[in-house]
Structures are given as structure tokens and as C-alpha cells.
Amino acid sequence: MDFSCDFIADGLGDGLAVDNTGFVIRRIWIHIEGRQKIDIHSFGVVLLELLTGKHPLDPEFGESVDIVQWIRRKVRHNKSLEEALDPNVGNCKHVQEEMLLVLRLALLCTAKLPKDRPSMRDFITMLREAKPQRKRVATMMDVQLTKTSLSLPHPL
């Protein structure tokens, strides 16, 4: 077995021993994976800011309470999440429905444990699949119209 080692600077001035067993690759992968979980949490916080129109540490939340804790407290106490949405966006039922879907996904992104947070790829998949009912109906109608128009004879 060849156990030759080289040193790689990791950007912090520390040397990282590298052997041919893939140790460094595993270490780097763990670092990247951890970084992605931090990034998705930050993304979730930004989504909550956009959906509520509030700052991450808004005084309305109370002392030492951030936007994530504020929303989670509403969920825990069975409060209406519609109340948390930014009133400047409007109160159209369809828009609120879509905002609530994204808010629920933002809560997944801000899970307490990093292992419970989705990857960005998973988030995008969930967002695509979480279409409100009206969009599903409209899509089904579009498909039906397309099928119907394909089967109808065209005028000369």
C-alpha cells in the first residue's frame, strides 16, 4: 500500500494531509454538503422576509426572536399563517394560496437540524410539484383544449 502524503492548504493556513484513500475527498464533500445546508437555511430566511415583508429581527417578534422562530410560533399555536403574509402584496385568494405554499417550503429550508433541510434541487422539485389547485385545473384544461383542437377538423 502506498501511504504517501502531500499537504494541501485549505484556505485557512492549515495543512491538510492527503493520502490515496480518498480521505480528503470525503472531508471536502462533508464541508460542501454542510455549506449547502447553511445556504439553503439562508435562502429560507430570505423567502420568509419576502413573504412577510418583515426584517429577520423585526421588533414586532419580540426580544431575541427571529423571523423563523416567529413563524414557527404561529404554527405551534395554530395561528393563521395568512396573518403573517405581507399585506402589501394584496389579499387575492390565489396569490395568498401560492404564498402559503412557498412559506411552507421556506419552513422546510429553515429546519433546526441541517440534515432535515432539503437540497436546493429538492426545493425546486417541491416548488414545481406544489402547484395550487387552480394551476392544476388550468393545466388540465390546456391539455384537454390541445387534444380537442388536434382532433377537430381545420376549416379550409
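The backbone oxygen of Lys112 is reached by the side chain of Arg117 at 3.4 Å. This description concerns a predicted model. A polar atom of the Arg117 side chain also lies 2.8 Å from the backbone oxygen of Ala111. Arg117 itself is located in the loop that links α3 (93–109) to α4 (120–129).

Arg117 is buried but forms no salt bridge. The nearest side chain of opposite charge is that of Asp116, at a distance of 8.0 Å.

## Salt bridges

How many salt bridges does a search of the whole structure find? The search returns two. One joins the side chains of Lys54 and Glu60, with an N to O distance of 2.9 Å. The other pairs Lys115 with Asp116 through their side chains, at 3.4 Å from N to O.

The partners in the second bridge can also be described by their accessibility. Lys115 counts as exposed because its relative accessibility is 67%, over the 50% cut-off. Asp116 has a relative accessible area of 43% and is therefore partly exposed.

## Asp86, a buried acidic residue

Asp86 belongs to the loop between α2 (67–76) and α3. Is this residue buried or exposed? Asp86 is buried, and no salt bridge is found for it. Lys54 provides the nearest side chain of opposite charge, 7.3 Å away; that lysine is paired with Glu60 in a salt bridge.

When neighbours within four places in sequence are set aside, Asp86 is in contact with Leu51, Thr52, Gly53 and Met99.

## Helix α2 and its ends

The buried residues of α2 are Ile67, Val68, Trp70, Ile71 and Lys74. They lie on the same side of α2, because they cover an arc of only 165° around the axis.

At the N-terminal end, α2 is capped by Asp66, which has a side-chain oxygen 3.0 Å from the backbone nitrogen of Val68. After α2 comes Asn78, with a positive phi near 55°.

Most residues other than glycine have a negative phi. Asn78, which is not a glycine, has a positive phi of about 55°. Asn78 is placed in the loop between α2 and α3, and it counts as exposed because its relative accessibility is 70%.

Ser64 is likewise not a glycine and has a positive phi, of about 60°. Ser64 is found in the loop between α1 (23–52) and α2. With a relative accessibility of 69%, Ser64 also counts as exposed.

## Overall architecture

The protein comprises five helices and two strands. Read from the N terminus, the order of elements is β-β-α-α-α-α-α.

Among contacts between residues at least 6 apart in sequence, 41% join residues at least 24 apart.

Definitions and conventions. Residues are numbered from 1 along each chain as its sequence is written. This is a predicted model: local features need pLDDT of at least 70, side-chain atom pairs count only at pLDDT 80 or more; totals for chains, interfaces and linings use all residues. Side-chain values use heavy atoms; hydrogens and water are left out. Helices (H or I, at least four residues) and strands (E, at least two) are DSSP runs, numbered from the N terminus. Buried means under 20% relative accessible area, exposed over 50%, partly exposed in between (1.4 Å probe, protein chains only). Lys and Arg count as positive and Asp and Glu as negative; His and the chain ends are not counted. A salt bridge is a side-chain nitrogen of Lys or Arg within 4 Å of a carboxyl oxygen of Asp or Glu. A polar contact is a pair of N or O atoms within 3.5 Å; within protein, one must be able to donate a hydrogen and the other to accept it, and residues adjacent in sequence count only if both atoms are side-chain atoms. Contact means heavy atoms within 4.5 Å. The arc is that of the directions from the helix axis to the C-beta atoms.
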